[in-house]
Amino acid sequence: MYPFGKGISRFVPFLLLLIPLALYVMFYFGPSVMTVIYSFTNITNVPGNGMKFIGLDNYHDVFFSGNSGERVDSIIRTLYFMFIVTVVQNGVALLVAVIINQKLKGDYFFRSVFFLPVVLGVAVVALVWSMMFDPLSGPVNQLYNALFGYKDMFFGSFTHAFRYIIFVQIWMYMGYSMLIFLAGLQSVPKELYEAGYIDGTTKWQSFRHITFSLIAPSFTVNMLLSIIGAMSTFDIILATTDGRFNTRTMAYDVYKETFRGSLEMGLPSALSVVQFLIILVFVIVAVKQMRKREVEY
Amino acid sequence: MKQSKSAKVLSYAVVTLLLVLYIVPLLLVFNVSFKSFTEYLLNPIGLVSDIQWNNYKDAWTQGNFSNYFLNSLLYTGVATVLTLIVSLFGAFPVARNYVRWSGLIYLFFLLSQFLPNPMVAQFKLMLAMKQEFGFVGYDTKLGYILLKTSGTGIVFMMFTGYIKSISRELDEAAGMDGCGYSRYLFQIVLPLMKPVIATGVILTAIGIWNDFVGPVMYLPSPANYPITFGLKEFRGQYGNNWPMLACGIMIVSTPLIVLYTFIQKYIVDGALAGAVKA
């Protein structure tokens, strides 16, 4: 029952609801759908030009046209990025979460520090690491030199730049994953460990069979976040190498071709759709795998 | 269960190592920001010997940070407030089933998390808006604020969940006393939602303040730069003059670090609530 009057006033909630709906449809849902539609047309960014339906030509061009080699490279690079980030970020985050969860002194301080990069934002983080990784005077190079007698170009190296970007991405978001694992760990009932202890389980067994099973939901969330995040991140790339030195990913290509390249909009749209399909496949696979492991207690 | 001593030591060692990896870069930046360029070139890592306070003054004026700071404040403030109000408009009737097809509308909003990247069409939309109206759209403050205002996503989910925990009888009592819908939303529901609003404000504000890609795409004129983009431009201007750039980094991040130390509990909890419920 609607308690706030009858007649005209019955429509007030609906009218107010129209505001978020309109904003959402106009700025997110609409553009998403339009991107899919554009991907089948020859639309350009020249005002007043119409668009013509050209079927799958854009998709064909993504994979088999003049510079499609580069685009295929960035697709492979994106997948590599996603795998490393997902595995390493969640691995480190789980380790840190388990450590912090065993009542370490200053646990709140630790988690605040690890979360700090998210608060500082990409612009600051990228610049901080550009300074650390400065090839001429950067502290990391001095460290390398002192330890191994070796120097690196970091963000200016054709072979290594992308690895350093992966490092910065993981450095930035590890704290986020760690928090989610911590929340999962704190919801595991203590009695289960005690029961296990009485039954004589080893530490590893109780981790493997109790902790690992019960934090499966946090795992699912973290996997989703890192897959979607890694597949669509390009702000770190934009802020560090700006796509030079073999560091372009799919999301970066979409950006580049939309805003700075040719005026063609069909190809970047097609690329967005391909990116979306890849994310979809990985998300579905990951969720299926994770759901299998989730247990009730 | 008892902890073995060596395990405890190992734990501390791992965490301390990571802590170093997180704190040392910031301390180094802080240190470098006080050096003169020559001192930096001669000794990039060592502790500063002759503190150059002027670095900060120079960076502040030459980087035009006061303008960018105000712009960031404007975008973040207005878009955050609007996002919260609009999310309330969306979340309340959906959580209470006061409109038809509430379930479907909820799903429709939930879909926002899984849509294809809208970047291309968004850009075209912003250009078209600019051409059509002039005062909104590409390269306008209003256009950017509107783009950043969304009644969807994590805030909407958090609000919907929280409103469900507010007693329905309250609605009925207020309705019986003749309270109107919008007045009820702002005078009764809004104050009751303080905890979830705090998290919503923080998450939204951090997201908008730190947005780096948005301004690069939609705000090309210097008069509209927010601080993140200002920092990028500052870097272009100063190349590898790290003492100057370090000042820029400190100027941009100090307010955030100070704010973070005061409200970190809410941020950390909020990030959690947002992530787990998303």
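**Close-up views of a predicted model**

**View 1. Lys164(B) places its charged end over the ring of Tyr106(B), 5.9 Å from the ring centre.** A charge sits over a ring if NZ of Lys or CZ of Arg is within 6 Å of the ring centre and within 35 degrees of the ring normal. In chain A, the charged end of Arg111(A) sits over the ring of Tyr108(A), at 4.4 Å from its centre. The model is predicted, and local features need pLDDT of at least 70, whereas side-chain atom pairs count only at pLDDT 80 or more. Residues are numbered from 1 along each chain as its sequence is written, chains are lettered from A, and side-chain values use heavy atoms.

**View 2. Phe40(A) and Tyr59(A) form a tilted aromatic pair.** Their centres are 5.5 Å apart, with 40° between the planes. Rings of Phe, Tyr and Trp (its six-membered ring) pair if their centres lie within 6.5 Å; planes under 30 degrees apart count as stacked, over 60 as edge-to-face and the rest as tilted. Tyr59(A) is buried, at 13% relative accessible area, whereas Phe40(A) is partly exposed, at 26% (buried means under 20%, exposed over 50%, partly exposed in between, with a 1.4 Å probe and protein chains only).

**View 3. Ring pairs link residues of chains A and B into a cluster.** Among its members are Phe114(A), Trp129(A), Trp171(A) and Tyr22(B). Over all chains, the structure holds 43 aromatic pairs.
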